Amino acid sequence: MAHHHEPLDPAVYKSQVNAVWKATVWLTVITIVEVVAALIYMEMYEAGQGPRLLLNGFFVIMSLLKAFFIVGEFMHMRYEKRALVLTVLVPTVFLIWFIIAFLWEGSAWLNARTFWEVIG
Amino acid sequence: MAVESLHPASADQQWGGGKSPFNVSYGKLMMWYFLLSDAFTFSALLISYGTIRFMSPTWADPNEVFNGMPFIENANIPLGFVSIMTFILILSSVFVVRAVQEGHMMNKAGVVKWMFLGILGGAAFLGCQAWEWTHLIAGVDHGHGMTIYRNTFGAPSHFGQLFFLITGFHGFHVFSGVVLNIIVCIQAAAGVYERRGHYEMVEKIGLYWHFVDLVWVFVFLCFYLL
């Protein structure tokens, strides 16, 4: 009943180990860059001033890049069958609507409450 | 004859199991779909954070809230401690990947060693989070005292509620992951997987553990960076 798996080919093993350490370096470097960007921004501008939107866009793109390394390399998704990858990734497209709709709703609430002077 | 087609399909027409079209086992596939549903749960939490933040005229400045450091009184090191926490969780994830790879090589000692390091990393992360929560709730320096009812950082009390809810929910995932990792480590050491002939359980639990790291990327983004 036990279907024994043969050990992996040492050359494949070696290349996979290298790929993982490479991804680790990337994740670390990206996190450091993010924190440094946040600190530089804090030093340069008062809170609420400056090109905040640009910085936030940078943070979002960097986080997606980190997600790519974690899902692709650590969770091994880059090496899975395409059909499996699609069944997992395609449903997350709904999140785009989810984010836009709810942030829109949030700012509409703020506008309404400001207009009717519910809040200062 | 037409009647033939009404007969039940013959055995060779039915899928009798065997090789999966996705080339993964049932357990691993279901772990992927569980993680997808869990990703939606976390997305809903983080998007409600965004909605409430957009609704509020003021919000807390992360550089001001998260500037504490253990063993340094009145520290003002913005994002310093959380960077260390992030690095610990990334490293822990890497250790578990190494355990999975040693499993592919059928190397029992390697699996146990890397899994153990992964457990240490997870436990260290939980310890850091415990310190951070304590610091925010009961820290004496610059008027902390953030709870789910109030916060002292010039933002609605929602900030505290969302912070404790979301980091708590993530922390509970980390805790469950550490428990699962401990079980896998003990079973690997006891030779359960060696007898079974494969180390797939390490892969499945590993997937869950990496997912916890993935969620942290976005918790870090929403609470500490944006």
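H2(A) and H7(B) pack with their axes 9 Å apart, at an angle of about 175 degrees; axes are lines fitted to C-alpha atoms, for helices over the stretch in contact, and angles run from 0 to 180 degrees between N-to-C directions. The two helices are therefore roughly antiparallel to each other, a label for angles over 145 degrees, with under 35 counted as roughly parallel, 65 to 115 as roughly perpendicular and the rest as oblique. This is a predicted model, in which local features need pLDDT of at least 70 and side-chain atom pairs count only at pLDDT 80 or more, while totals for chains, interfaces and linings use all residues. Residues are numbered from 1 along each chain as its sequence is written, and chains are lettered from A and ligands numbered from 1 in the order in which they are written.

**Contact between the chains**

- From H2(A), the residues Phe59(A), Val60(A), Ser63(A), Lys66(A), Ala67(A), Ile70(A), Val71(A) and Phe74(A) meet His210(B), Asp213(B), Leu214(B), Val217(B), Phe218(B), Leu221(B) and Leu225(B) of H7(B); two residues are in contact if their C-beta atoms, placed from the backbone, lie within 7 Å.
- The residues of this helix pair divide into eleven nonpolar, two polar and two charged, where Ala, Val, Leu, Ile, Met, Phe, Trp, Tyr, Cys and Pro count as nonpolar, Asp, Glu, Lys and Arg as charged, and the others, Gly among them, as polar.
- The contact of the two chains takes 48 residues from chain A and 42 residues from chain B.
- On the side of chain B that touches chain A, two or more residues each come from helix H1 (26-55), helix H3 (80-104) and helix H7 (200-225) of chain B; helices (H or I, at least four residues) and strands (E, at least two) are DSSP runs, numbered from the N terminus.
- H1(B) gives the largest share of that side, ten residues.
- That side of chain B holds 26 nonpolar, 13 polar and three charged residues.

**Chain A**

- Domain 1 (10-79) and domain 2 (81-120) divide chain A, with bounds from an automatic or database domain assignment.
- The C-alpha centres of these two domains of chain A lie 23 Å apart.
- The buried residues of H1(A) are Ala23(A), Leu27(A), Thr31(A), Glu34(A) and Ala38(A); a residue is buried if 20 or more other C-beta atoms lie within 10 Å of its own, exposed if 12 or fewer, and partly exposed in between, with C-beta atoms placed from the backbone.
- Their cover includes helix H2 (52-74) of chain A, together with helix H2 (62-65), H3 and H7 of chain B.
- H4(A), by contrast, is hardly covered, and the count of buried residues among its 22 residues is zero.
- Glu117(A), which follows H4(A), has a positive phi near 55 degrees.

**Chain B**

- Chain B has seven helices and zero strands.
- Of its 226 residues, 37% are buried.
- Most residues other than glycine have a negative phi.
- Leu79(B) is not a glycine, yet has a positive phi of about 65 degrees; Leu79(B) lies in the loop between H2 and H3 of chain B and counts as buried, with 21 C-beta neighbours inside 10 Å.
- Met106(B), also not a glycine, has a positive phi of about 55 degrees; Met106(B) sits in the loop between H3 and helix H4 (108-138) of chain B and counts as partly exposed, with 18 C-beta neighbours inside 10 Å.
- Asn23(B), in the segment before H1 of chain B, is exposed, with 12 other C-beta atoms within 10 Å.
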